[in-house]
Amino acid sequence: MRGRFGVHGGQYVPETLMSELGQLAEAYEHYRGDPGFTTELDSLLAEYAGRPSRLWFAANLTADLGGAKVYLKREDLNHTGSHKINNVLGQCLLAKRLGKTRVIAETGAGQHGVATATAAALLGLECEIFMGLEDTERQALNVYRMELLGATVHPVTSGTQTLKDAVNETMREWTRRVADTHYVLGSVMGPHPFPTMVRDFQSVIGREARAQILEAEGELPAAVLACVGGGSNAIGIFHPFLADEGVALIGCEAAGRGIDTYETAATIATGSLGVFHGMKSYFCQDDHGQIAPVYSISAGLDYPGIGPEHAYLHDTGRATYVPVTDAEAVDAFEYLARTEGVIAAIESAHAIAHARKLVPTLDAADSVIICLSGRGDKDVAAIARYRGHTVKED
Amino acid sequence: MGPQRIRQAFTDKAFIAFITGGDPTLDDTRRYINLLARLGVGLVEIGLPFSDPIAEGPIIQAASQRALASGTTPEAIFDLVNTLRQDDALTIPLAIMTYLNPLHHYGYDAWFARANAVGLDAVIIPDLPFEEHDEVRAVASHHNVALISMVAPTTMQAERRSSSLDMPRPKQWLTSEARSTSSDRIRRIAQKAEGFIYLVSSLGVTGVRSEITTDLAAIVAEIRAVTDTPVAVGFGISTPAQVAVVSKQADGVIVGSAIVRLIAEGGGRADPAIEEYVRSMIDAL
């Protein structure tokens with residue numbers, strides 16, 4: 001069946017969007033194999049976004065952890081500071097081919113919103129971003145950044161006022177105005193064709209990383225780690241390794257204050273099968289099928305679901321998903337800064353945190369790759385607050 | 001009763017009312033539904049509240065939140081319907097409008113069995129489009145609950161909007177299958193429709209609109225070409241003048257947000273406001 005990963009995926013959206021999704025899927029199928037399109041996208045990724053991103057051998061981390069060799073896939077060094085640019089350049093180019101003049105997007109931490117606003121500015125598209133009110137306060141600088149790029153930012157006041165509600169409101173806006181508007185969905189979630197299309201645009205991470213590790217080590221890594229909210233950086237780095245059965249694929253979920261509390265966003269650990277945001281997958285929900293309010297220190301992982309392909313990789317056992325708490329992530333954030341001189345996004349710090357447990361158990365001849373999905377400048381103030389410091393930004 | 005009882009609502013032009021179950025309390029909902037039936041409403045849609053109703057505008061979103069805050073569960077809605085059928089001897093058709101996840105979580109077979117047992121006739125699920133109907137079609141049919149199909153302006157607009165917006169839309173990538181979607185898609189949906197067809201009047205979410213610009217007659221004509229299943233128009237209808245126009249083009253009109261707004265304002269004391277408003281709307285049919 002179209003757009004399915006096992007039982008997961010599908011197109012669970014209002015009828016108003018079905019024709020649009022059908023055309024989008026058709027267009028994507030056409031353009032993914034169109035040399036004019038792929039050449040233009042590859043050129044933008046190289047010359048504008050700065051790809052390929054580096055695979056950095058983290059010698060200090062490796063020495064300190066005392067196990068496998070640690071490599072960091074430096075998506076934080078991309079233009080706009082995260083992996084999100086890979087997907088938005090692809091989708092915005094596609095939107096132009098579709099004759100769209102306007103793009104809309106949800107954002108949690110603001111990274112996807114900033115990336116979308118950036119691509120829209122570059123490609124001459126009108127841009128409106130929907131962001132939970134709570135997130136606009138947590139990430140005020142990113143709001144201003146998007147405005148500098150010419151985007152309009154709409155604070156979302158419904159529901160829990162975070163990423164989930166931003167997605168709701170962006171979908172509602174798309175049903176209001178669909179003819180000239182493309183919804184640049186930011187993760188491998190939502191209705192078909194988004195989980196497939198976003199995966200393909202993000203798979204450049206894994207294709208590069210696979211070639212780079214083979215170049216550096218002459219063999220494949222023992223494990224690949226990435227943080228997972230919706231899961232776009234994770235699927236992007238996992239996908240080219242799927243056929244390499246010896247490579248463990250490990251997704252690191254945001255456990256917030258712990259998976260035995262209600263203040264968590266760890267979907268695989270605490271969720272169950274459901275249908276929401278256009279897809280069948282696993283979701284955090286209550287006893288009556290209401291979507292649960294979730295919590296994580298990381299606005300980008302503060303989401304009650306997970307992309308359908310991850311749900312499938314979990315079902316088949318090809319990938320493993322582990323919960324990482326706020327406390328572990330903040331420790332890892334500080335540890336990476338001190339040890340390696342890299343301030344990573346708090347999202348990516350979840351993967352670092354799990355690597356600190358895993359790497360010492362592996363053989364020195366092995367290697368692991370951690371996807372450093374974004375840079376952490378945006379999180380510095382929040383980490384300071386978490387530690388009880390006051391940082392004045394103005 | 002299911003699809004058969006729904007037919008009775010469309011012997012004349014039907015006025016279909018939506019209210020959110022449990023807003024502000026289930027006792028109020030029971031009284032309001034009995035009132036609507038006395039006023040001559042043909043069918044009542046009861047909203048089973050969902051935390052994240054992506055097809056709803058602010059009015060019904062807020063009602064859903066009030067209903068959830070008052071502790072409304074799927075089981076409580078079933079009990080309400082049971083009371084309406086058993087204690088109040090209500091005979092008009094009743095539908096549930098909700099999202100797929102609460103049904104999925106309850107278990108489809110258990111949900112539809114219970115729906116049939118308490119006397120529900122139909123279910124409307126805005127996030128379950130035609131292509132995903134297989135998810136519940138067989139089990140709904142087994143338990144004699146009509147799965148209502150929705151048709152939207154975009155269902156047949158796919159090929160028209162480039163000209164209507166004067167926008168260049170390169171089409172070389174469209175396969176012949178995609179190119180023929182518009183009216184074929186409406187016909188495919190209409191052929192399999194049960195109970196009635198819910199024609200979404202305009203783009204966007206539920207709410208109150210001053211103007212409806214969709215060519216409803218053209219869509220109804222496409223539907224009529226393949227089925228005599230009644231067509232009811234919803235989304236945005238709030239005035240008697242709109243009812244007068246729309247009921248000439250279709251078999252029924254569906255009004256939700258305008259009624260829910262009266263309940264938002266009047267809480268448990270909205271009876272007179274609902275009575276006055278709904279009378280004026282039914283008179284305009």
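Hi everyone, let's start with one pair: B:Arg185 forms a salt bridge with A:Glu15, with 2.6 Å between the closest N and O atoms. By salt bridge I mean a side-chain nitrogen of Lys or Arg within 4 Å of a carboxyl oxygen of Asp or Glu. Between chain A and chain B the count is four salt bridges.

A word on the source: this is a predicted model, where local features need pLDDT of at least 70 and side-chain atom pairs count only at pLDDT 80 or more, while totals for chains, interfaces and linings use all residues. Residues are numbered from 1 along each chain as its sequence is written, chains are lettered from A in the order in which they are written, and side-chain values use heavy atoms, with hydrogens and water left out.

Now the interface as a whole. Here 45 residues of chain A are in contact with 49 residues of chain B, contact being heavy atoms within 4.5 Å. The area buried between the two chains is about 3,900 Å², and carbon and sulfur atoms give 52% of it. That is accessible area (1.4 Å probe) lost on putting the two parts together, summed over both.

Finally, a helix in chain B. Which residues of helix H13 (residues 240-249) are buried? They are B:Gln242, B:Val243, B:Val246 and B:Ser247, where buried means under 20% relative accessible area and exposed over 50% (1.4 Å probe, protein chains only). Helices here are DSSP runs (H or I, at least four residues), numbered from the N terminus. The face turned away from that buried side carries the exposed B:Ala241 and B:Lys248.

Technical notes. Helices (H or I, at least four residues) and strands (E, at least two) are DSSP runs, numbered from the N terminus.
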